Amino acid sequence: MVRANPDFAKQLNRIEKAGNLNYCYQCSACVQECPAALRFSDFNPREIVLCALLGVADELIGENSVIWQCATCYNCYERCPQKARPVEVITALKNLAFETGNAPEQITALRESVLNHGTITTLSDSMKKRRDELGVPAISLPEAGLLKKILGG
Ligand code: SF4
Ligand code: SF4
């Protein structure tokens with residue numbers, strides 16, 4: 001059974017950029033050029049905003065939520081006539097999923113890598129050598145753990 005939390009939209013309203021979801025009048029303009037909606041039949045930014053408004057929190061920020069299919073391309077942000085900012089609502093939902101321990105393992109690993117090493121890519125010696133050969137400047141990464149300290153991660 002789907003459970004609705006009437007306070008969920010209020011919780012999102014307090015998040016600065018996600019707080020316009022009440023303006024959504026379900027026109028679907030955000031769906032038309034959404035690459036994730038074109039690719040995945042179960043992804044729809046209009047429905048996500050509606051579910052957020054209705055407080056279907058367990059579905060949205062639970063394990064295996066559709067929110068992780070969003071490519072954060074901001075097409076919906078540009079197209080929404082109501083400035084409801086679906087992508088910001090989805091980003092806020094992703095952050096709430098992290099807080100409740102429901103983010104996918106791969107995403108959590110990427111986050112840890114950024115916090116610990118300042119990058120999601122490990123630069124191998126051969127990659128460094130190739131960069132030297134091409135005259136590409138060396139990448140300057142923050143000291144290990146510094147971002148984690150600053151961001152409190
Ligand atoms: S979020 Fe904006 S574009 Fe999408 S359905 Fe609501 S009003 Fe329309
Ligand atoms: S930001 Fe996400 S929801 Fe918005 S158009 Fe891009 S993929 Fe779709």
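A cavity is here a set of points, on a 1 Å grid over the protein atoms alone, where a 1.4 Å probe fits but cannot get out, and lining residues have an atom within 4 Å of a point. A molecule is taken to sit in a cavity or pocket if more than half of its atoms lie within 2 Å of its grid points. The volume of the second largest cavity is about 80 Å³, a volume being the space filled by probe spheres set on the points, with grid points joined across faces, edges and corners. Its lining consists of 15 residues, of which C34, F43, C70, C73 and C76 are the closest to its centre. Two or more lining residues come from each of α3 (35-39), α6 and α7, where helices are DSSP runs (H or I, at least four residues) and strands likewise (E, at least two), numbered from the N terminus. By class, 13 of the lining residues are nonpolar, two are polar and none is charged; Ala, Val, Leu, Ile, Met, Phe, Trp, Tyr, Cys and Pro count as nonpolar, Asp, Glu, Lys and Arg as charged, and the others, Gly among them, as polar.

The shell around ligand 2 holds 13 residues, with C34, C70, A71, C73 and C76 coming nearest; a residue is near a molecule if one of its heavy atoms lies within 4 Å of it. At least two residues of this shell are supplied by each of α6 (75-79) and α7 (86-99). The shell around ligand 2 comprises 11 nonpolar and two polar residues, and no charged ones.

Ligand 1 is found in the largest cavity, one of two cavities of 30 Å³ or more. The volume of the largest cavity is about 100 Å³. Among its 13 lining residues, C24, C27, C30, C80 and A84 are the closest to the centre. This lining contains nine nonpolar, three polar and one charged residues. Around ligand 1 there are 13 residues, and C24, C27, S28, C30 and C80 come nearest. The shell around ligand 1 divides into nine nonpolar, three polar and one charged residues.

The secondary structure comprises 10 helices and zero strands. With a radius of gyration of 19 Å, well over the 15 Å that the globule rule gives for 153 residues, the protein is more spread out than a compact globule; the radius is taken over C-alpha atoms, and the rule is 2.2 Å times the number of residues to the power 0.38. Along the principal axes, the C-alpha atoms fill a box of roughly 55 × 30 × 25 Å. The domain assignment gives domain 1 (8-99) and domain 2 (105-151), with bounds from an automatic or database assignment. The C-alpha centres of domain 1 and domain 2 are 30 Å apart.

Residues are numbered from 1 along each chain as its sequence is written, while chains are lettered from A and ligands numbered from 1 in the order in which they are written. In this predicted model local features need pLDDT of at least 70, side-chain atom pairs count only at pLDDT 80 or more, and totals for chains, interfaces and linings use all residues, whereas side-chain values use heavy atoms, with hydrogens and water left out.

Key: 1 Å grid on protein atoms, 1.4 Å probe; cavity = no way out; pocket = protein on both sides within 12 Å on 5 of 7 lines; lining within 4 Å.
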